[in-house]
Amino acid sequence: MYKKYIQHFSHVALLSIVSFNAFGADHSASFVKLEFTVTKPFLFFSQTSGNTCGGVLIREDVVLTAAHCTGAVWGDSANQNYSLGGVIHYGSSFLSQAQAFSFKKDEGWTEIPDVDMALIRLAKPIDQNSGATIAKIPTACTLVEAKQNIGRGDITAYLGRSSTGTALAANLYGTSYVNIRDVGGSPLARGVYYKATASMNAGDSGGPWLADDHTLIGINNGIAGTDKYGAVICQYSQQINEVLNKWSTTATPAAVNPPATTLPAEPAVVSPVITPVPTQPPVVAPVPQPVVEPQPKDNPVLSFFKWLAALFGF
């Protein structure tokens with residue numbers, strides 16, 4: 001009898017969870033799937049590796065995910081000769097795609113300090129006709145306020161893996177009810193995290209925990225034993241908004257246009273310099289000067305005798 005009662009109770013509990021997920025608000029339109037790749041060249045061949053993660057749109061051109069998703073691949077962006085890749089699948093059935101603005105850290109992506117969260121800047125805003133929506137960032141909270149989310153019944157995790165851990169089809173996603181049990185540290189990373197019970201697997205990192213009002217509560221960090229950890233968003237709202245404001249003031253560089261062709265300037269027409277013919281001075285007729293006859297010079301001997309003659313009356 002007790003066994004029958006327990007089986008009946010378990011069946012009712014399962015139905016209530018399924019019913020909650022079936023009738024709860026569906027905010028999958030802000031959930032995105034991320035694919036990261038890095039190709040490393042060797043002497044005679046190259047090797048490509050990568051990983052898949054979840055994420056959530058928090059602005060028309062910004063995705064929030066787990067930092068370890070980018071750190072394992074895009075963190076290698078400083079290495080020379082590496083070819084980096086990243087595709088964001090979003091919108092209805094994840095049919096729309098977007099590229100990162102840049103693979104350079106703090107330009108196209110950045111980490112929130114001391115917690116497993118990263119923001120990715122898209123090359124352009126999402127297509128308005130894609131069916132995608134934007135999750136709400138909560139107001140900043142204290143640790144005491146964050147603990148008010150313990151036991152909430154309206155938080156859903158959005159996943160890219162099935163309950164068995166296998167990858168879902170490209171156009172599908174999974175959900176799991178999140179039962180938050182505590183708030184504190186994580187054995188997996190630095191920062192403040194929710195410890196919860198939920199169905200998550202490897203590959204679900206970075207997926208959002210969303211409330212019925214589309215507020216972002218947490219971001220999947222990882223699994224430790226049977227416990228699931230998600231970063232507490234409201235503890236980092238200020239840092240997230242600071243990055244959003246920074247990227248709002250940094251305009252996307254416009255396409256580089258070739259320099260305008262400058263036609264050579266026409267040479268200026270310079271009139272020839274005409275050197276004036278020097279004016280001849282007027283010809284002035286010389287004024288005739290009186291002719292002075294030269295006077296003979298007196299002979300001193302003759303002058304002496306003339307004087308004697310004049311003296312004695314000769």
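**Rings, a pocket and some loops**

Guide: Phe 31 and Phe 94 are both buried. The model is predicted.

Visitor: How many aromatic pairs are there, by the ring rule?

Guide: Ring centres must lie within 6.5 Å to pair. By that rule the count is 9.

Visitor: Which geometry does the pair of Phe 31 and Phe 94 have: stacked, tilted or edge-to-face?

Guide: The ring centres of Phe 31 and Phe 94 are 5.8 Å apart, and the planes stand at 90°. Planes over 60 degrees apart fall in one class. For Phe 31 and Phe 94 the label is edge-to-face.

Visitor: How many residues apart are Phe 31 and Phe 94?

Guide: Phe 31 sits in strand β1. Phe 94 sits in the loop between β4 (83–90) and β5 (96–99). The pair links distant parts of the chain, with a separation of 63 residues.

Visitor: Why is the pair of Phe 31 and Tyr 158 classed as it is?

Guide: The two ring centres are 6.4 Å apart. The planes of Phe 31 and Tyr 158 meet at 40°, so the pair is tilted.

Visitor: How far apart in sequence are the parts that Phe 31 and Tyr 158 tie together?

Guide: Both residues are buried. Phe 31 is in strand β1 and Tyr 158 in strand β8 (residues 155–159), so the parts tied together are separated in sequence by 127 residues.

Visitor: Which residues do ring pairs link into a cluster with Phe 31?

Guide: Phe 31 pairs with Phe 94 and with Tyr 158. Ring pairs link Phe 31 into a cluster with Phe 94, Tyr 158 and Tyr 173.

Visitor: Which residue lies over the face of Phe 94?

Guide: A charge counts as over a ring if it is within 6 Å of the ring centre and within 35 degrees of the normal. At 4.8 Å from the ring centre of Phe 94 lies Lys 33.

Visitor: Where does the charged end of Arg 121 sit?

Guide: Here too the distance to the ring centre must be within 6 Å. The charged end of Arg 121 is 4.1 Å from a ring centre, and the ring is that of Phe 101.

Visitor: Which element gives the largest share of the lining of the largest pocket?

Guide: The largest pocket has a volume of about 330 Å³. Two elements give two or more residues to its lining: β1 (31–41) and β2 (46–59). The largest share, 5 residues, is from β1.

Visitor: Which residues lie nearest the centre of the largest pocket?

Guide: The lining has 21 residues. By class there are 10 nonpolar, 8 polar and 3 charged. Nearest the centre are Lys 33, Glu 35, Thr 52, Leu 168 and Ala 170.

Visitor: What does Ser 162 touch, leaving out residues up to four places away in sequence?

Guide: Ser 162 is in the loop between β8 and β9 (174–177). Its relative accessibility is 18%, so Ser 162 counts as buried. Beyond its sequence neighbours, Ser 162 touches Leu 168 and Asn 201.

Visitor: Is Ser 205 buried or exposed?

Guide: Ser 205 lies in the loop between β11 (193–197) and β12 (208–211). Its contacts include Cys 53, His 68, Cys 69 and Asn 221. The relative accessible area of Ser 205 is 13%, and the cut-off is under 20%, so Ser 205 is buried.

Visitor: How far apart in space are Leu 122 and Ile 88, C-alpha to C-alpha?

Guide: Leu 122 is in the loop between β7 (118–121) and α3 (143–146). At 2% relative accessible area, Leu 122 is buried. Its contacts include Leu 57, Val 63, Phe 101 and Ile 88. Leu 122 and Ile 88 are 34 residues apart in sequence, and their C-alpha distance is 8.7 Å.

Visitor: What is the phi of Asp 106?

Guide: Most residues other than glycine have a negative phi. Asp 106 is in the loop between β5 and β6 (109–111). At 43% relative accessibility, Asp 106 is partly exposed. Although Asp 106 is not a glycine, its phi is positive, about 70°.

Visitor: Is His 214 buried or exposed?

Guide: His 214 also has a positive phi of about 70°. It lies in the loop between β12 and β13 (216–224). With a relative accessible area of 10%, His 214 is buried.

Visitor: What share of contacts with a separation of 6 or more joins residues 24 or more positions apart?

Guide: The protein has 5 helices and 14 strands. Of its 314 residues, 36% are buried. For contacts between residues 24 or more positions apart, the share is 64%.

Definitions and conventions:
Residues are numbered from 1 along each chain as its sequence is written. This is a predicted model: local features need pLDDT of at least 70, side-chain atom pairs count only at pLDDT 80 or more; totals for chains, interfaces and linings use all residues. Side-chain values use heavy atoms; hydrogens and water are left out. On a 1 Å grid over the protein atoms alone, a cavity is a set of points where a 1.4 Å probe fits but cannot get out, and a pocket is an open set with protein on both sides within 12 Å along at least five of seven lines; lining residues have an atom within 4 Å of a point. Grid points are joined across faces, edges and corners, and a volume is the space filled by probe spheres set on the points. Helices (H or I, at least four residues) and strands (E, at least two) are DSSP runs, numbered from the N terminus. Ala, Val, Leu, Ile, Met, Phe, Trp, Tyr, Cys and Pro count as nonpolar, Asp, Glu, Lys and Arg as charged, and the others, Gly among them, as polar. Rings of Phe, Tyr and Trp (its six-membered ring) pair if their centres lie within 6.5 Å; planes under 30 degrees apart count as stacked, over 60 as edge-to-face and the rest as tilted. Buried means under 20% relative accessible area, exposed over 50%, partly exposed in between (1.4 Å probe, protein chains only). Contact means heavy atoms within 4.5 Å.
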